[in-house]
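The following explanation leads through selected features of the structure shown below. Please keep the sequence and the coordinates at hand while reading.

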Amino acid sequence: MSTTDSNPPPLTIEVEHLVRTYGGVAAVDDVSFTVRRGEIVGLLGPNGAGKSTTLRILTGFLPATSGIVRICGIPVASRTDDAKRHIGYMPENNPLPEDMRVNEYLYYRGRLKEIGREKLRSRLDEVLELCDLKRIQHRIIGKLSKGMRQRVGIAEAILGEPDVIIMDEPTIGLDPHQILIVRDLIGGLRGRMSVIISSHILPEIEVTCDRVLIINGGRIVAQGTPAELRREVLGLTHYEVHLAGELAALPAVLAQVEPTLVIASTAGPDADGFHHATFTTTRDEELGEPLLRALAAQSFRVRSFSRTQPTLEDVFLAATKRSWDVVDLPNAASRKPEGGGRK
Amino acid sequence: MRHFLTIFSHEVRMLLVNTSTYLAAVVFLFVMGFIFTFLLEVYSAAAQETSPAYDFFRLFLGFAVFIVVPLTTMKSFSEERRLGTLETLLTTPVSTAEVVLGKYGAAYFIYLLLWGSTAGLFYLLHHFATDPRLLDPGTLIGGYVYIAVSGLLFVAIGVFASALARNQAVALVLALALLFLLIFGTKLSLDIQFLQLEALRPVRGALDYAQVFQHLDDFSRGIIDTRHLFFYFTGTALTLILTILGVEARLLHN
């Protein structure tokens, strides 16, 4: 499987049946997924789910117990050095040598990644500019703030213009400004390089990533775009309404609009007599207009109406709570088997 | 091996920039200068059989090695492992062998530098001494060659200890223990009654060969014995191979 510049492989990361055990305990248990060129993929999971282990195996730092990993078609286990030439990696907590200067460090890393001296100088310039490190390039790394260190880590990862960039929790510990900067940096890489990020900061993943893989207990429990995941895992659309009126008549009204529309919860009444009701339905279409008209026709007073999208956090909590054997959602039968599932 | 020079020059630079290297250098030179002055006083008090250089190097083996080697080698792997930068280093297309050899080369280079500076002590002696018999060129050259050759093995042991240990203090103690075993342990084992048994003759033979103080004696008399050279070269190669394997083993099981 040779790769030439004129015809780069469309799949930059291929993972098949990856297993990694530590003394009998499977940290990664039969994980399979692929990443296409130019995609940004998020790897979500609770602590101890196997995210860092999976990423480390991808980089060739950790050997797997069994399974195949290919980076740009190159198998990592047999041609580790070749595979490493296509990877840029930023580990968890972004370890950096404390007594080097930023430009020294980046120059050293560039030489290690076999970038020629001439090209390295111009590339260094580009990267410093891109990550806004020009003003601090002569500072000692030990003296930098956390946000600057993250930018140095990202600069180092993109230095060799690798096909694959692997980042383990890149925004951890950053303040909202710094998170925005890092997010923009990562977003800017889309299309040119494949990026795989692990995190448990869900809003970040939701905004930045094209696709999400949820990993729990060493297995992938869900994968897809954020929209697909919401639909697949939670399967319901929610409407939140503040209304006042005869609650007993509500089910009939809902059934009239849409048979699958049911009341999920009601709260109140508050000081003004309004209840906070939540309706759920399995239908995807906009039911706002007929619902409002029906409620008005039945003399319900509506103060506020919104269709709430479940966040990735809801998906995550639901996906990582359920076990393999439980099938508890109505559309489970139509769901296709997830990647990495047991046969 | 393409990256060896990059890693080597980087490691040397880092050692030269670091304050702990200079701290170790100051302690070492202070101790050696003190020993030297002490020796000179002994010599000026009464005539001795051997030249000052001989005692100087003997004290090196018994004492100075335990200061220089651990202090210059304990940081090589332990610090990187603690910080986590070993992980980023090994995700570049460098082999573990290149990393180990680069760090070893840098540590050995600093070791040679430190020892080269003790030559200044002998220069002082040469400048001020009136008695030409005090300065014995054979002993001096033999002694320094011995330091260079045995340094290969001792620094390798120090790097080995650093590669196994998680932090610097453990690396220090481990290096001390291994060096002690090598230098004094081989000497003391000659007295063990158990080893006088006929059946253990090959073991005794091996131990006789590994007598480090004996090696020093021979070198100091100006005899460069290739058997001793062989001992140090193969010992160094073995220790470095074990270090490379050790680093990879820690990765596998961590």
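The buried residues of helix α8(B) are covered by elements that include α3 (52-73), α4 (75-83), α7 (137-164) and α10 (212-220) of chain B. This is a predicted model, in which local features need pLDDT of at least 70 and side-chain atom pairs count only at pLDDT 80 or more, while totals for chains, interfaces and linings use all residues. Residues are numbered from 1 along each chain as its sequence is written, with chains lettered from A and ligands numbered from 1 in the order in which they are written. Helices (H or I, at least four residues) and strands (E, at least two) are DSSP runs, numbered from the N terminus.

The residues of α8(B) that are covered in this way are Gln168(B), Ala171(B), Leu172(B), Ala175(B), Leu179(B) and Ile183(B). A residue is termed buried if 20 or more other C-beta atoms lie within 10 Å of its own, exposed if 12 or fewer, and partly exposed in between, with C-beta atoms placed from the backbone. Helix α8(B) comprises the 22 residues 168-189, which should span 32 Å at 1.5 Å a residue; the end C-alpha atoms are 29 Å apart, which agrees. The expected span is 1.5 Å times one less than the number of residues. Helix α8(B) also has a kink of about 35°, centred on Leu181(B); the bend is the angle between axes fitted to the seven residues ending at a residue and the seven starting there.

Two packed helices are described by the angle between their axes and the distance between the axes. For α2 (residues 19-45) and α6 (residues 96-128) of chain B, the axes come within 10 Å and cross at roughly 35°. Axes here are lines fitted to C-alpha atoms, for helices over the stretch in contact, and angles run from 0 to 180 degrees between N-to-C directions. The contact involves Phe28(B) and Met32(B), among others, of α2(B), and residues including Leu114(B) and Leu121(B) of α6(B). Two residues are in contact if their C-beta atoms, placed from the backbone, lie within 7 Å.

Val12(B) lies in helix α1 (residues 4-17) of chain B. Val12(B) is partly exposed, because 18 other C-beta atoms lie within 10 Å. Leaving aside residues up to four places away in sequence, Val12(B) touches Ala106(B) and Phe109(B). Val12(B) and Ala107(B) are 95 residues apart in sequence, yet 7.5 Å apart in space, C-alpha to C-alpha.

The contact between the chains takes 21 residues from chain A and 18 residues from chain B. On the side of chain A that touches chain B, α3(A) gives the most, with 3 residues.
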